[in-house]
Amino acid sequence: MPSSHFQKRSANTEPGFTTASLPDIVFMLLIFFMVSTVLRETDLKVQTQLPSAEALTKIDQKRLISAVHIGPIKQGEKKGQTAVQIDDALIENTSAIRNIMYGKLQEQPKLIVSMKVDRESQMKIVNEVQQELREAGTLRINYSSTREGPR
Amino acid sequence: MPGLLDKRREGRDDVEIPTASMADIAFLLLIFFLVTTTINVDTGIGMTLPPKLDQEQQPPPVKERNLFKILVNSQGDVLIEGELASLNQIRDRVKEQVLNYGENPDLSESPDKSVVSIKTDAQTPYRIYVQALDEVMMGYRDIYDSVARSGQTQTGERVLEQTYPSYQEYRTGLEPEEEDKIREAIPRNISIAEPDLGDEG
């Protein structure tokens with residue numbers, strides 16, 4: 001009786017696959033992505049070792065921040081020369097800053113410019129950049145610095 | 001003993017790694033990473049630059065006694081009101097200046113009229129400038145802290161309805177639209193002096 005034998009078997013086997021391990025798979029994927037994801041950061045062409053200070057304030061709203069990096073160029077022909085970097089590009093001429101910043105201010109009226117300046121940079125270039133920021137109207141700035149360690 | 005043998009064979013077929021605890025392990029890992037991951041928050045000294053002035057427009061006049069001048073040269077030497085001083089003196093001198101309330105004729109008339117001006121050389125390292133600015137900020141923070149702790153200004157004017165352990169505490173308790181009453185009573189007027197024109201090299 002081949003047909004009855006077949007029927008009996010199919011009745012005993014449950015169709016479908018077990019879903020008990022699906023949460024584990026999802027977790028594994030979640031953890032894999034958590035571990036492998038690196039938050040996007042602009043690759044710096046200038047070296048900025050931030051100064052340390054005591055009277056620090058935190059900027060909670062990250063989307064308001066636009067960074068201006070000032071420091072010696074890391075590599076290439078002009079290595080060691082102090083330069084200004086905004087986003088991903090080095091700024092050749094400081095007078096270009098006012099247009100860049102003005103554009104950013106139109107997009108985000110509450111813009112905070114985070115000045116990430118190398119500790120050994122001279123005030124001359126910092127002042128130049130600040131004058132440009134005034135021209136652009138981006139008046140809220142933040143001198144990015146680290147917490148003062150024990151000295 | 002056929003019965004025992006059968007049982008053994010049956011048991012061997014069932015051997016499996018128990019997977020019920022896998023979800024727990026995953027949870028533990030997840031929580032571990034959640035706790036240990038820190039998204040680095042930007043910290044720094046907040047400032048507001050003065051708005052651009054028109055060519056003919058002169059900067060608003062400030063009385064000599066209200067202006068507190070700090071000069072920092074490239075060696076890190078500090079001149080406070082024309083006298084040689086050091087960076088860590090700035091803090092106390094700023095407090096003296098701001099909280100003078102017209103007492104000393106050389107110092108400020110009132111806190112809101114007082115202006116602290118920081119001027120640097122072109123060659124001054126940024127690090128020293130930040131140190132000087134930091135000291136000024138700490139001077140103001142000390143003043144704000146004492147206002148937050150007592151709820152009133154040094155002249156006895158009531159500013160806050162309740163007291164706070166520190167200014168920081170008061171700030172974090174503020175609604176985003178709410179005015180900072182301490183800063184309203186004692187505004188932080190810091191002027192970054194414009195660099196001298198023609199001062200090249």
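So, let's start where the two chains share strands: β7(A) is joined to strand β1 of chain B, residues 42–48, by 5 bridges, and the two run antiparallel. Strands here are DSSP runs of E, at least two residues long, helices are runs of H or I with at least four, both numbered from the N terminus, and two strands pair if DSSP finds at least two bridges between them. To pick one spot, Ser144(A) has Gly44(B) in β1(B) as its bridge partner.

Before I go on, this is a predicted model, where local features need pLDDT of at least 70, side-chain atom pairs count only at pLDDT 80 or more, and totals for chains, interfaces and linings use all residues. Residues are numbered from 1 along each chain as its sequence is written, chains are lettered from A and ligands numbered from 1 in the order in which they are written, and side-chain values use heavy atoms, with hydrogens and water left out.

Okay, the interface. Chain A brings 46 residues to the contact and chain B brings 45, contact meaning heavy atoms within 4.5 Å. How much area do chain A and chain B bury between them? About 4,100 Å², with 59% of it on carbon and sulfur atoms; that's the accessible area, with a 1.4 Å probe, that two parts lose on being put together, summed over both. In chain A, Met123(A), Arg134(A) and Tyr143(A) lose the most area to chain B, together 19% of what that side buries.

What about charges? The rule finds 4 salt bridges across the interface, each a side-chain nitrogen of Lys or Arg within 4 Å of a carboxyl oxygen of Asp or Glu. One salt bridge links the side chains of Lys52(B) and Glu135(A), at 3.4 Å, N to O.

And which element of chain A gives the most to the side that touches chain B? That's α4(A), with 9 residues. The residues on that side of chain A split into 20 nonpolar, 12 polar and 14 charged; Ala, Val, Leu, Ile, Met, Phe, Trp, Tyr, Cys and Pro count as nonpolar, Asp, Glu, Lys and Arg as charged, and the others, Gly among them, as polar.

Last, the chains themselves. Chain A has 4 helices and 8 strands, and 36% of its 151 residues count as buried, that is, under 20% relative accessible area with a 1.4 Å probe, protein chains only. Chain B has 6 helices and 6 strands, with 35% of its 201 residues buried.

Definitions and conventions. Buried < 20%, exposed > 50% of the residue type's maximum accessible area, 1.4 Å probe, protein only.
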